[in-house]
Amino acid sequence: MDRRSFLGSCSAGAAGLTAAGGFQDAWAATARPKEYPRALLVDERGEPLKASGLKPQLNYVFHYPFEATPVFLLDLGRPVAAYSVSTQDRSAYSWPGGVGRNRSIVAFSAICAHQLVYPTKDVSFISFRKTRAQRGVQDGLIHCCAEHSQYDPARGAEVLSGPAKQPLCAVLLEHEPKADTLTAHATLGGELFDQFFRKYEMKLSLDVGPNAKNAVAGQSVVRELTRFCKNPVQC
Ligand code: FES
């Protein structure tokens, strides 16, 4: 039985027990980091990205753990602590908080947990908003304009509002203090990559090509969202 099936069966078991006897908390499955090949984050020239050079509260995008799966990289401008969240199937996990010298740098899959809207080179309906979006509930949210799901990147991308049923999947970063570099090495939480590849198979093969499902290994290029995407939609 693979990890996903195992967690799924644990959750199904937990749900059954909840219905039968109300033991949900005691029996909830626990999501654990899923390791992928390590990828050093580099700038557009291919040089290792300096974590302290990130502009606070600006949207950056890189791809991980697959060539076609985008991730938001954010320096929230303040330290962010670990926080407990859970997936739609009630797998609880402890998001480890920010990394870097100020523990302010976080990364989350940029694939909306509702209906998988994601940033492309042409348009992005999902992004971090430094100040409250038109229908935002607070400043500093990741907001998806499709149906207004809103996620708090300072709290493990938990859902604050909208139809999404679980946090954005976290991408775990390792900060090397001496070189001030960042390396992506794992995901944590509710992955939606299988659904993403099924839903966008044709589009991804046109936009990204035959390597869309290849695991990123070695390095991944970080770009400001406004350089990656021609039309970041605000709402
Ligand atoms: S796809 Fe993001 S809110 Fe529906």
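Modeller: What follows concerns a predicted model, and we can begin with a sheet and then turn to the backbone.

Biologist: In what order do the four strands of the open sheet follow one another, and is the pairing parallel or antiparallel?

Modeller: Strands of a sheet pair through backbone hydrogen bonds, and they may do so in parallel or antiparallel fashion. Here the open sheet has the order β7-β8-β9-β10, with antiparallel pairing. Its edge strands, each of which pairs on one side only, are β7 (126-129) and β10 (158-161), and from one strand to the next the twist averages 35°.

Biologist: How many bridges join strand β8 to strand β9?

Modeller: Three bridges link β8, residues 141-144, with the antiparallel strand β9, residues 149-152; Cys-144, for instance, has Ser-149 in β9 as its bridge partner.

Biologist: Which residues does the cis peptide bond join, and what is omega there?

Modeller: Most peptide bonds are trans, and most residues other than glycine have a negative phi. In this model the bond between Tyr-64 and Pro-65 is cis, with omega at about -5°, and Pro-65 belongs to the loop between β2 (60-63) and β3 (70-75).

Biologist: Where is Arg-90 found, and is Arg-90 buried or exposed?

Modeller: Arg-90, which is not a glycine, has a positive phi of about 70° and sits in the loop between β4 (83-86) and β5 (92-95). Arg-90 counts as buried because it has 21 C-beta neighbours inside 10 Å, the cut-off being 20 or more.

Biologist: What is the phi of Arg-103?

Modeller: Arg-103, also not a glycine, has a positive phi of about 50° and lies in the loop between β5 and β6 (105-109); with 17 other C-beta atoms within 10 Å, Arg-103 is partly exposed.

Notes. Residues are numbered from 1 along each chain as its sequence is written. This is a predicted model: local features need pLDDT of at least 70, side-chain atom pairs count only at pLDDT 80 or more; totals for chains, interfaces and linings use all residues. Two strands pair if DSSP finds at least two bridges between them. Helices (H or I, at least four residues) and strands (E, at least two) are DSSP runs, numbered from the N terminus. Axes are lines fitted to C-alpha atoms, for helices over the stretch in contact, and angles run from 0 to 180 degrees between N-to-C directions. A residue is buried if 20 or more other C-beta atoms lie within 10 Å of its own, exposed if 12 or fewer, and partly exposed in between; C-beta atoms are placed from the backbone.
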